Protein chains: 2
Amino acid sequence: MELDERKRKILQAVIRNYLETGEPVGSRTISKYTDLNLSSATIRNEMADLEEMGYIIQPHTSAGRIPSDKGYRFYVDTMMEEKEKEVVGMKEMLLERQDKMEVLLQQVVKLLAQNTNYATMISAPKTHGNKVKFIQLSHVDEHQILAVIVVEGNVIRNHILNVEEKLSDETLLKLNILLNTHLNGLSLSEINLGMIAAMKQQAGIHSDIVGGVIDAVAGAIQEEEDLQIYTSGASNFFRYPELADQQNASNLIGTFEEKKLLSGLLQEAGNDGAGTGIQVYIGDENMVSSMKDCSVVTATYELEEGMRGTIGIVGPKRMDYDKVIGTLKMLQNQLDELYKGKR
Amino acid sequence: MELDERKRKILQAVIRNYLETGEPVGSRTISKYTDLNLSSATIRNEMADLEEMGYIIQPHTSAGRIPSDKGYRFYVDTMMEEKEKEVVGMKEMLLERQDKMEVLLQQVVKLLAQNTNYATMISAPKTHGNKVKFIQLSHVDEHQILAVIVVEGNVIRNHILNVEEKLSDETLLKLNILLNTHLNGLSLSEINLGMIAAMKQQAGIHSDIVGGVIDAVAGAIQEEEDLQIYTSGASNFFRYPELADQQNASNLIGTFEEKKLLSGLLQEAGNDGAGTGIQVYIGDENMVSSMKDCSVVTATYELEEGMRGTIGIVGPKRMDYDKVIGTLKMLQNQLDELYKGKR
DNA sequence: GTTAGCACTCGATAAAGAAGAGTGCTAACA
DNA sequence: TGTTAGCACTCTTCTTTATCGAGTGCTAAC
């Protein structure tokens, strides 16, 4: 059977209507509120066809139709009209340019959740493959040394090392020079054991400090990978009856606390993302089982120097895809500009 | 009317039973499972008295009794037997001593939530009143300077300053010395405008950098106050039917995302806390209206050098106070030891 | 002071009925 | 051949009614 123009129009009407109301859509509704000028009976015939083709579903015999996953997919792929939607409050927030990445991200997800009324999550931009820019050791007190490690993209890590006895300022200066001459400009994969051994030898009795710093460097570059996920708006799940029942809500909220899972999801999305970097996962297209009744829309964003992260919106399958995608695109632009302006 | 020994025993039995089951407790149950050897009729009389005195409540005529807030309060104040309860997994976690406070706190709340089956929150230890230990400016690249500020308690803040043209190493050294001689050992309240003016004057054309650093210092000491709250186990609310209905759950989860509110709650608790630093808020004894059906147990913890934070557990009013308080005490000890050991 | 007995209350659960939305199918129509 | 009116039928949802049972309060006897 073919999906002719009329069927498409009807499918679109069913989906649009369902996105708004969340109630199954009957033939009468379609016949009334479309410019097709067809009677409900005709619509019924067409709807029966659409059901046979798998685009819509009848929850039970005497109910209207709701879109199937296939229906949503078709809608998202071919019928969507993006509505640009501004994120209210975004500009003011970005103007006061948070230096702390952490705070910035938290505010972004929060605003996004407030604006969309869906649950949101964001992964911190990965410093993946980045290089050591500069290392600085300083005294903190008698028995402690502070190591500051700056990685490309101005990601900064601090690490405190304990030492037996206070080092002289000269020693510290020497170590500083030693570390910087050897490590600057290198990425993690370029730091090998031979190099480490050479440095330790040159450091003599202070080789343990060199070791400590190198551990810290490795940590600085890798550490984050795991848990740097911020979320907001989990209570929005309750806005949508199909997700608000105890079973579902409990699972979803639980999942939303399990950063590991979210991290996997966002990472996968980041890899999938082609073109605009926007991905839509409908129903069980995403791998998290507790989200099988949800749709997830993700967008990758990029800050300076190739630091990329992913932002995600989780809502019911009948989420307002048009608006969400428009909003995400707009957000991508804003973030882009912010960091361009900063440079 | 007087609360004699027998009434106390009955009250205790009612509360204990209700904590376990969450169901109203009838007179027969008490008569059966107590060593009082009284008939249900006698118990009934006593329970009528207890109700009159306000310790227990009848949800409706033909139901058993449940404790009132006053009843819980009495129980917590006078009848509790603390059960020491180990936090499973705590020791192993603390052994690998996280240097990043952030990660440590996140793990603590998570473990605590898993162990207790309640929702948990923790505020990062406040550096309140702490003093500047040491400031270090370094070049990052042509147009950026990194300011590292270490505050007592080894809280470290980084701040990147943009500069018009590259400063010479000497200039930087001078600024370093200037900042350190003036600011070291001072707390925020001790840094006044006169001092700042003097420093700016000495810095000459680089006064703007001094200004930037001072802003950063102020930020380093204060910043946190607001949002450094970590939470876990929000989905545990669903375990308790009295909190799991849509209305309640939605509010609670929403509240749990509103760090500002939690922050206020924990702060207040930190101030109230006398003696052991453990506080119990039953029902609307806490100020957050969405938690009026909950109890909140808080404990202050202290890391080295007077850095204090507060940890909180939120559950139904029928939470297992004995266990929760025992657990919190145990946690206090563990954290104490951890940081004593570190020194 | 304690207890057995009994009528009474009231929520919870189930069963039955009514209402209504929407369908599929048939037959008539353009 | 496509479209439409009409109608019986199906299911869900809501309301009503009935039943059950836990637990009480009170009285009278021990």
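**Note on the DNA-facing surface, the chain contact and a helix pair**

1. The largest share of the surface near DNA strand C comes from α3(A), with four residues; near here is a C-beta atom, placed from the backbone, within 6 Å of the strand. Helices are DSSP runs of H or I with at least four residues, strands are E runs of at least two, and both are numbered from the N terminus. This is a predicted model, where local features need pLDDT of at least 70 and side-chain atom pairs pLDDT 80 or more, while totals for chains, interfaces and linings use all residues. Residues count from 1 along each chain as its sequence is written, and chains are lettered from A and ligands numbered from 1 in the order written.

2. Of the 19 residues around DNA strand C, A:Gly26, A:Ser27, A:Ser62, B:Thr61 and B:Ser62 come nearest.

3. On to the two chains. Chain B and chain A each put 25 residues into their contact (C-beta atoms, placed from the backbone, within 7 Å). On the chain B side, α11(B) gives the most, with six residues.

4. Now a helix pair in chain A: α7 (residues 169-183) and α8 (residues 193-203) pack at about 160°, axes 11 Å apart. The axes are lines fitted to C-alpha atoms over the stretch in contact, with angles from 0 to 180 degrees between N-to-C directions. That makes α7(A) roughly antiparallel to α8(A) (the label for angles over 145 degrees; under 35 is roughly parallel, 65 to 115 roughly perpendicular, the rest oblique). A:Leu175, A:Leu178 and A:His182 of α7(A) meet A:Met195, A:Met199, A:Gln202 and A:Ala203 of α8(A).

Key:
Contact = placed C-beta atoms within 7 Å.
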